[in-house]
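Here is a short report on one protein model. Look at the sequence and the fold first, then read on.

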Amino acid sequence: MDLHCSTVITPVGVWGVEGDEEVVTRIYLPHEKSKVTKGPAPRAVAIAREQLREYFDGERTSFSVSLSTVKATSFQHDVWAALGTIPFGEVRTYADIAAAVNRPRATRAVGNANHVNPWPVIVPCHRVVAKTGLGGYGGGDEVKRFLLDLEGVHYP
């Protein structure tokens, strides 16, 4: 599979969108290095890039992007599916997600699954917070706060 990577310039840095005609394989956070490909973006990448632009411009609250199948544990897939059910402008705790995937004691494992989420923002791991505060985020606290603020969630 030939993959293409394009960028999206946002108020919190440059994000990368990788994929092909059919699916998005990965979203790169601003601090991650992505290899930008020359030439026109394939259909799935172009759609994801445009939808991310609209999201960061405050014009989009959900995504309709085809995502690739990735090698991961069934638990990780379950967590990512649960993340997809968190509505725009709302948050859930790590414990909420653990309970949603029938593993109520697996809050740390939920955090680990979030950390390896290949499609941040599209699969909204930024909407998961700790009971006592913001919690972690692979893109850093500043990016997580920005994303939550963009969605109208002002979290300590």
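A disulfide is a covalent bond between the sulfur atoms of two cysteines. Cysteine 5 is in no disulfide, and the nearest cysteine sulfur, in cysteine 125, is 17 Å away. That is too far for a bond. Buried means under 20% relative accessible area, exposed means over 50%, and partly exposed lies in between (1.4 Å probe, protein chains only).

| Residue | Relative accessible area | Class |
|---|---|---|
| Cysteine 5 | 3% | buried |
| Cysteine 125 | 6% | buried |
| Serine 68 | 13% | buried |

This is a predicted model: local features need pLDDT of at least 70, side-chain atom pairs count only at pLDDT 80 or more, and totals for chains, interfaces and linings use all residues. Residues are numbered from 1 along each chain as its sequence is written, and side-chain values use heavy atoms, with hydrogens and water left out.

Now the sheet. Helices (H or I, at least four residues) and strands (E, at least two) are DSSP runs, numbered from the N terminus. Two strands pair if DSSP finds at least two bridges between them. Here 3 strands form an open sheet in the order 1-2-3, with antiparallel pairing. Strand 1 (4–10) and strand 3 (24–28) are the edge strands, each pairing on one side only. Neighbouring strands are turned by 20° against each other on average, direction ignored. Strand 2 (residues 13–19) pairs with strand 3 over 4 bridges. Glutamate 18 has arginine 26, in strand 3, as its bridge partner.

Helix 1 (residues 43–56) lies across strands 1, 2 and 3, at about 10° to strand 1. Such angles run from 0 to 180 degrees between N-to-C directions, with axes fitted to C-alpha atoms, for helices over the stretch in contact.

Where is serine 68? Serine 68 sits in the loop between helix 1 and helix 2 (74–83). Leaving out residues up to four places away in sequence, serine 68 touches Val23, Val24, Thr25 and Trp119. Contact means heavy atoms within 4.5 Å.

Just after helix 5, glycine 152 takes a positive phi of about 85°.

How values were computed. Disulfide = S-S within 2.5 Å.
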